[in-house]
Amino acid sequence: MGRWICCLCSRAADPLMLLLVLALGCNPSTAAAAASPPVPHVKPSYSFGRTFLGLDKCNACIGTSICKKFFKEEIRFDTWLSSHLKLPPSSLLSYSGNYTDDAKSWRLVDITRLTSKYQHDRADKRICTSLLKTKSCSLERALRRTQRFQKWLRAKRLTPDLVQGLSSPMLRCPSQRLLDRIVRRYAEVPDAGSIYMDHLTDRDKLRLLYTLAVNSHPILLQIFPDVEGWPFPRYLGSCGRLLVSASTRPLRDFFGAAPEVAADLALQLLAVLRSMATNDLNYFFYFTHVDAGTFGVFSNGHLFIRDASTLGIIDKEEGSQLIDGQQEYKDIFSCLTVDCQSAFVSCDSIREKHSLVLVCQDLLPKLLTGKFLPPVQERIDAFLQRCARGLGDDRGASKAMAELAEILKPLRSCDSRFAYRYPDCRYSDKY
């Protein structure tokens, strides 16, 4: 009896243990083993640090919509289908990764930062020193105190004055129609289908503002999705300061391609420029800069805009709704990744041929020079030289593109290498 009294007294604070003692006798090791759940076998795994993803900087970040995929290892870098490898260097701007929905089939994705880690760190320091006069700080607390964000908190609708002075080319001359589209299609929050910001929390508003201030690329992918025919890769989500989108190979990889491939890509490039200048929504898209990474090619040969960060938008229906002086407004959000003293470029100075001239100067010569027999090559070279000089004041972009397309169309072939249009090209003049 003394054995039971001693045992019950020692375990009286634990009802479950009392029951186990009565059932098993007073053997502490036996009772403890029965009460403890089995220890699961944990496989070795690489882990995603909050610092690598940028989660430690939220809500001065893009979002968290795809974080679960990272932590469940349904997004892996490069060909990392084994689990013992380390994370890649955080200094890179973009990474190739693998994405899965069922852990069996994997597809390639691009994992990208809004800007380089160096520029992110520099911007973070600028926020602290400019707003709080300290070397380090809570970025969210500092940005919440700004006059601009306080206006965002009070606003029911995203209006032109709320984005005035932001460096993104997309917002240099914003219309209310464009801003409503941003709110209605912002993919980092549940879809409310509303132009009003009632469904955005304070945290959501800061993330949207921060993304627009640093790099509008992910926003463009969200509001002009590929499923509606826009020439952008699919936006899959964001985690911290990394965004995930469908994978493309940069156009630079094709500068040495066979003549028929080069001709095909050049024709697609012209078609993209045409669609961005003339479309059903009456938005005029133009590039402020192009380089060998601006465009990309999917595995089926289809060409898309790989980097939308240098795209400006002019609303041909409403025009800009910024009043005089608002374009020149400057605050901390205006210069997170660019020089605060950078000059404003008026949208009135943008012409229809603007993007075509940039492409003729920087991309088409690398794609088309030295690829074809002399008579055709001479015609191409003459066009590119004329185009790079600006085409002249009396020459429209549409006529110029039609001229080059006429030269290139006979040069491309119809075979399985061009999966995006094969076998349709055998039965349609469109291809």
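1. Contact here means heavy atoms within 4.5 Å. Sorted by class, the contact of helix 12 with helix 13 has five nonpolar, one polar and no charged residues. The classes are: Ala, Val, Leu, Ile, Met, Phe, Trp, Tyr, Cys and Pro as nonpolar, Asp, Glu, Lys and Arg as charged, and the others, Gly among them, as polar.

2. A word on the ground rules: this is a predicted model, where local features need pLDDT of at least 70 and side-chain atom pairs count only at pLDDT 80 or more, while totals for chains, interfaces and linings use all residues. Residues are numbered from 1 along each chain as its sequence is written, and side-chain values use heavy atoms, with hydrogens and water left out.

3. Back to that helix pair. Helices themselves are DSSP runs (H or I, at least four residues), as are strands (E, at least two), numbered from the N terminus.

4. Helix 9 is mostly covered, with eight of its ten residues buried (under 20% relative accessible area, with a 1.4 Å probe and protein chains only). Those buried residues are Q176, R177, L178, L179, D180, R181, I182 and V183. Their cover includes helix 10 (202-214), helix 11 (217-223), strand 7 (283-287) and strand 10 (311-315).

5. Have a look at R181, which sits in helix 9 (residues 176-185). R181 counts as buried because its relative accessibility is 7%. Leaving aside residues up to four places away in sequence, R181 touches I223, F224, E228, W230, L281 and Y283. From R181 to S194 is 13 residues in sequence and 9.0 Å in space, C-alpha to C-alpha.

6. On the aromatics, the structure holds twelve pairs. F70 and F77 form a tilted one, at 6.4 Å centre to centre and 35 degrees between the planes. Rings of Phe, Tyr and Trp (its six-membered ring) pair if their centres lie within 6.5 Å; planes under 30 degrees apart count as stacked, over 60 as edge-to-face and the rest as tilted. Both F70 and F77 are buried, and F52, F70, F77 and Y95 form one aromatic cluster.

Terms used: Buried means under 20% relative accessible area, exposed over 50%, partly exposed in between (1.4 Å probe, protein chains only).
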